[in-house]
Amino acid sequence: MVAYAAVDVVPGVRPFILAFSSASLLYIAMSDLIPDLHRGQIDTNALRQVLLIASGIFTIVAFEKLIG
């Protein structure tokens, strides 16, 4: 009964649920990566990680512009 009643509500709520879940995933991923980046000195591995994070964010934005 609940699923039948939610059929009209789910399409309107889906973007917000996806945004919340993706933000949670990014928070967890960044909290694991960032402490390793701030251990004192910047080396090439840290720079590579920052560039990969930035390219991942850019990829998400580009796909949103193309598909969205």
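This report describes the fold, surface and confidence of a predicted model of one protein chain.

## Fold

The chain contains three helices and zero strands. Read from the N terminus, its elements follow the order α-α-α. Helix H1 spans residues 2-6 and helix H2 spans residues 10-37, while helix H3 covers residues 44-67.

## Surface and burial

Of the 68 residues in the chain, 6% are classed as buried. The accessible surface amounts to about 6,200 Å², and carbon and sulfur atoms account for 72% of that area.

A nonpolar patch on the surface is formed by Val 9, Val 13 and Ile 17. Together, these residues have about 240 Å² of accessible area. Val 9 lies in the loop between helix H1 and helix H2. The relative accessible area of Val 9 is 49%, so this residue counts as partly exposed.

## Confidence

The mean pLDDT of the chain is 78, and 82% of the residues reach 70 or more. Confidence is lowest in H1, with a mean of 78, and highest in helix H3, at 83. Where pLDDT is low, predicted coordinates should not be read in detail.

Methods:
Residues numbered from 1 in each chain as written. Predicted model: local features only at pLDDT ≥ 70, side-chain atom pairs only at ≥ 80, totals over all residues. Heavy atoms only, no water. Helix = DSSP H or I, 4+ residues; strand = E, 2+ residues; numbered from the N terminus. Buried < 20%, exposed > 50% of the residue type's maximum accessible area, 1.4 Å probe, protein only. Areas by Shrake-Rupley, 256 points an atom, 1.4 Å probe, with all protein chains shown as cover. Patch = residues over 30% accessible without salt bridge, like charges linked within 9 Å, V, L, I, M, F, W, Y side chains within 5 Å. Salt bridge = Lys/Arg side-chain N within 4 Å of Asp/Glu carboxyl O. pLDDT = per-residue confidence, 0-100.
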